[in-house]
Amino acid sequence: MSKCSIIAKLRLDRHYAHIMKHGSKIVCREFILLSAAVGSAECFTNICNDTTDEPSRYYGVIASKKVGNAVKRNRAKRLLRIAAIKLCKELECKKRVALIFIARTCTAYSSIADIQSRIKFCKNTLEHRYS
């Protein structure tokens, strides 16, 4: 199985719009997590170049100018990207799930340990929601 068949990054605006419209929200101190079961949504077909295997997890990261200057936004996105990949690998759901992490102002000042402790809470909630 190729790496793309497991986790794929959200790249198009329509993917983000679909999750924001149809998804549910988990609010934490460091980030906001939007999640949606994509199932057979038309906008998620052929997201990966490999047409034989469709990804089972999708993730995206957003950091607006509210987070801070470019250095703070990049740090926040880097921390959330690490957390997103870890969560996608550990998540045990039967459905195809798409996740969007939205950075908050305190994300840039947080440590990876703080974010990972919130990820454990989110993981339990998502497994209960999409199993």
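**View 1. Helix α2 lies across β1, β3, β4 and β5 of a predicted model.** α2 runs at about 165 degrees to β4 (axes are lines fitted to C-alpha atoms, for helices over the stretch in contact, and angles run from 0 to 180 degrees between N-to-C directions). Helices (H or I, at least four residues) and strands (E, at least two) are DSSP runs, numbered from the N terminus. Residues are numbered from 1 along each chain as its sequence is written. In this predicted model, local features need pLDDT of at least 70 and side-chain atom pairs count only at pLDDT 80 or more, while totals for chains, interfaces and linings use all residues; side-chain values use heavy atoms, without hydrogens and water.

**View 2. Buried and exposed residues of α2 (70-90).** Ala-76, Leu-79, Leu-80, Ala-83, Ala-84, Leu-87 and Cys-88 are buried (under 20% relative accessible area; exposed is over 50%, partly exposed in between; 1.4 Å probe, protein chains only). They lie on the same side of α2 because their arc around the axis is only 165 degrees, taken from the directions from the helix axis to the C-beta atoms. Val-71 and Lys-89, on the other side, are exposed. The cover over the buried residues includes β5 (97-103) and α3 (112-130), where contact means heavy atoms within 4.5 Å.

**View 3. The open sheet has 5 strands in the order β1-β4-β5-β3-β2.** Pairing is mixed; two strands pair if DSSP finds at least two bridges between them. β1 and β2 (24-27) are at the edges with a single partner strand each, so one side of each has no neighbour in the sheet. The twist averages 20 degrees from one strand to the next.

**View 4. β3 and β5 pair in the antiparallel sense over 7 bridges.** Ile-32 stands opposite Ile-102 in β5.
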